Amino acid sequence: MTRARQDVPLGPRFELPAAARAAWDALSDALTTSTPACDSDARFVADLPSAADVAHMRGVCASCPILAECAAFADASPRWSMSGFWAGMKRGTPARASGPRQRARGAA
Ligand code: SF4
C-alpha cells in the first residue's frame, strides 16, 4: 500500500466484511501517527512486479511500523477488493493479457 490510500474513502458499492472495515479503521488510525515504509514507492501498486521487486518489497514490509495493521486489513479483505503488494505479499488478481476481455478483442 501507499500512504495516499488513507485518503481514499471506501464507497458504498464496496461491501467489505465487517472485519475488513474494522481493520481499515485501525489502519487509517495508524497512518495518522506513522509513515508506512512503502510511502511513495510505485512498486507496491504494480500489477506484475519483478521477482527482484518482490524480494525488495518483502524487506521493506518487514521493517514497516504499521505492518500489523496493514496485514490485518489485507488478510480480512476479499481478494477482489485488493491489488498491489500489502504486508509482504502480492494481493488480488493482476490483469492478464490473455483474460476474457483481451480474448474478446482478438488478443491472444
Ligand atoms: S506493511 Fe508493507 S505494504 Fe503495508 S504499509 Fe508497510 S510497507 Fe506498505
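**Group meeting talk: a walk through a predicted model**

Hi everyone. Of the 108 residues of this protein, 19% count as buried, where buried means that 20 or more other C-beta atoms lie within 10 Å of a residue's own, exposed means 12 or fewer, and partly exposed is in between, with C-beta atoms placed from the backbone. Before we go on, please keep in mind that this is a predicted model: local features need pLDDT of at least 70, side-chain atom pairs count only at pLDDT 80 or more, and totals for chains, interfaces and linings use all residues. Residues are numbered from 1 along each chain as its sequence is written.

Let's start with the overall layout. The protein has 4 helices and 2 strands, and from the N terminus on the order is α-α-α-β-β-α. These elements are DSSP runs numbered from the N terminus: helices are H or I with at least four residues, and strands are E with at least two. Take the contacts between residues at least 6 apart in sequence: 66% of them join residues at least 24 apart. A contact here means C-beta atoms, placed from the backbone, within 7 Å.

Now to the ligand. Which residues are closest to it? They are Pro-36, Cys-38, Cys-61, Cys-64 and Cys-70, out of 14 residues that surround the ligand; to be near, a residue needs its C-beta atom, placed from the backbone, within 6 Å. Helix H2 (51-62), helix H3 (67-76) and strand S1 (83-86) each give two or more residues to this shell. By class, the shell has 14 nonpolar, no polar and no charged residues. For the classes, Ala, Val, Leu, Ile, Met, Phe, Trp, Tyr, Cys and Pro are nonpolar, Asp, Glu, Lys and Arg are charged, and the others, Gly among them, are polar.

Cys-70 turns up again in the core. The largest nonpolar core has 16 residues, and Cys-70 and Phe-73 have the most contacts inside it. Two or more residues come from each of H1, H2, H3 and S1, with H3 giving the most, 4 residues. Such a core is a set of buried Ala, Val, Leu, Ile, Met, Phe, Trp, Tyr and Cys residues joined through C-beta atoms within 7 Å.

Staying with H3, its buried residues are Glu-69, Cys-70, Ala-72, Phe-73 and Ala-74. What covers them? The cover includes H1, S1 and S2.

Next, the strands. S1 and S2 run antiparallel and are joined by 4 bridges; pairing requires at least two bridges found by DSSP. Ser-83, for instance, has Gly-92 in S2 as its bridge partner. The two strands form a hairpin with 2 residues between them, and Ala-87 in the turn has a positive phi of about 50°.

Most residues other than glycine have a negative phi. Ala-87 is not a glycine, and with 20 C-beta neighbours inside 10 Å it counts as buried. Ser-40 is another case, with a positive phi of about 65° although it is not a glycine. Ser-40 sits in the loop between helix H1 (18-31) and H2. Is Ser-40 buried or exposed? Ser-40 is exposed, because 10 other C-beta atoms lie within 10 Å.

One last stop: Arg-58, in helix H2. Arg-58 is partly exposed, because it has 13 C-beta neighbours inside 10 Å. The C-alpha atoms of Arg-58 and Phe-85 are separated by 9.0 Å, with the two residues 27 apart along the chain.

Terms used. Two residues are in contact if their C-beta atoms, placed from the backbone, lie within 7 Å.
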